[in-house]
Amino acid sequence: METTQSRDGTPLAHTRTGRGPAVILVSGALSTGATLAPLAAALSDRFEVLVYDRRGRGASGDTPPYAVDREVEDLAALIGVLGGEACLYGISSGGALVLRAAAAGLPVRRAAVYEVPYALDDADAAARAEYTERLAKALGAGRRGDAVELFLRLTGLGEEMIRGARRSPLWAGLESVAPSLAHDDAVLGDGRPPREALAAIGVPVLALAGGAGAPATRAAAREIAETVPDGRYAELAGQSHMVEPGVLAPALAEFFGG
């Protein structure tokens, strides 16, 4: 594992694999770069792929106070490691970060996102606002487990499954990265698609969604594709939010290789 410093001095832990055009993979909430290692392996025969722990997760540092712009600067630093230009892929809230980076004018050749959880109606936006308020209170009180539960409920996970998750040996790992939920929440802003920022993106964007997932995720992906000047939408048949690397990788390879 390598370490690169971001502009504010925060150390960013990352690994690289493969040879070819540069690609950076950006994880979503409650995850580290390790969750994207299988996808990196599937792409490494055609690309040099970098996966990293976003700030506040895994082996990376976390310099307060947090700001979304600092995470954009993190991507700028990692693009520099890869020679000054890269394609970006992000899943869920990681996709929202990728879109912000592309809109900010980073040297991004192409960007792809999978199921960015934007709110498209008032009810979803209200639920997002309530989540933001309750998350801040839980994290402010040091109740990491409660913060994780709030997020899992927001994703639609049932109470019985949440209780089972709490008894799982994986729960401690989720609590360890719980403070970064505030980062993901900030990246998504008020939850609505940032249409002005999306319209400012000057590179091709592929918005992906799973055919077996919630209809709202497909609607959000279409909204992204229709708002970005050079946007396109694609659906991966049979896939949910937990997309299989073997299905996702060919779609990304075709788009990034274009």
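Student: Which element gives the largest share of the lining of the largest pocket?

Tutor: In this predicted model, that element is α4, with 4 residues in the lining. The pocket itself holds about 1,600 Å³ of space.

Student: Which other elements give two or more residues to the lining of the largest pocket?

Tutor: Beside α4, the elements are α1 (37-43), β5 (86-91), α5, α7 (171-176), α8 (181-187), α10 (215-227) and α11 (245-256).

Student: Which residues are the closest to the centre of the largest pocket?

Tutor: Of the 50 lining residues, Ser92, Phe151, Thr155, His241 and Met242 lie closest to the centre. By class, the lining has 31 nonpolar, 14 polar and 5 charged residues.

Student: Which residues of α4 and α5 make the contact?

Tutor: From α4 come Ala127, Arg128, Tyr131, Arg134, Leu135, Ala138 and Leu139. The α5 side is formed by Asp146, Ala147, Leu150, Phe151 and Leu154. Sorted by class, this contact has 9 nonpolar, no polar and 3 charged residues.

Student: Is the crossing of α5 and α6 left-handed or right-handed?

Tutor: The crossing of α5 and α6 is right-handed. The axes of α5 and helix α6 (residues 159-167) come within 10 Å and cross at roughly 145°. On α5, the contact involves Gly145, Asp146, Glu149, Leu152 and Arg153, and on α6 it involves Glu159, Ile162 and Arg166. By class, there are 2 nonpolar, 1 polar and 5 charged residues in this contact.

Student: At what angle do α2 and α3 pack?

Tutor: Helix α2 (residues 68-81) and helix α3 (residues 93-103) pack at about 80°, and their axes are 10 Å apart. Angles of 65 to 115 degrees count as roughly perpendicular, so α2 is roughly perpendicular to α3. Val68, Glu71, Val72 and Leu75 of α2 meet Leu97, Arg100 and Ala101 of α3. This contact has 5 nonpolar, no polar and 2 charged residues.

Student: What should be noted in the backbone, and is the peptide bond from Pro64 to Pro65 cis or trans?

Tutor: Here one reads the backbone torsions. The bond from Pro64 to Pro65 is cis, with omega near -5°. Pro65 is placed in the loop between β4 (48-52) and α2.

Student: Where is Leu30 found, and what is its phi?

Tutor: Leu30 sits in the loop between β3 (22-26) and α1. Although Leu30 is not a glycine, its phi is positive, at about 55°.

Notes:
Residues numbered from 1 in each chain as written. Predicted model: local features only at pLDDT ≥ 70, side-chain atom pairs only at ≥ 80, totals over all residues. Heavy atoms only, no water. Contact = heavy atoms within 4.5 Å. Nonpolar A, V, L, I, M, F, W, Y, C, P; charged D, E, K, R; others polar. 1 Å grid on protein atoms, 1.4 Å probe; cavity = no way out; pocket = protein on both sides within 12 Å on 5 of 7 lines; lining within 4 Å. Points joined across faces, edges and corners; volume = space filled by probe spheres on them. Axes fitted to C-alpha atoms, helices over the stretch in contact; angles between N-to-C directions. Left-handed = near helix turned anticlockwise from the far one by under 90°. Parallel < 35°, antiparallel > 145°, perpendicular 65-115°, else oblique.
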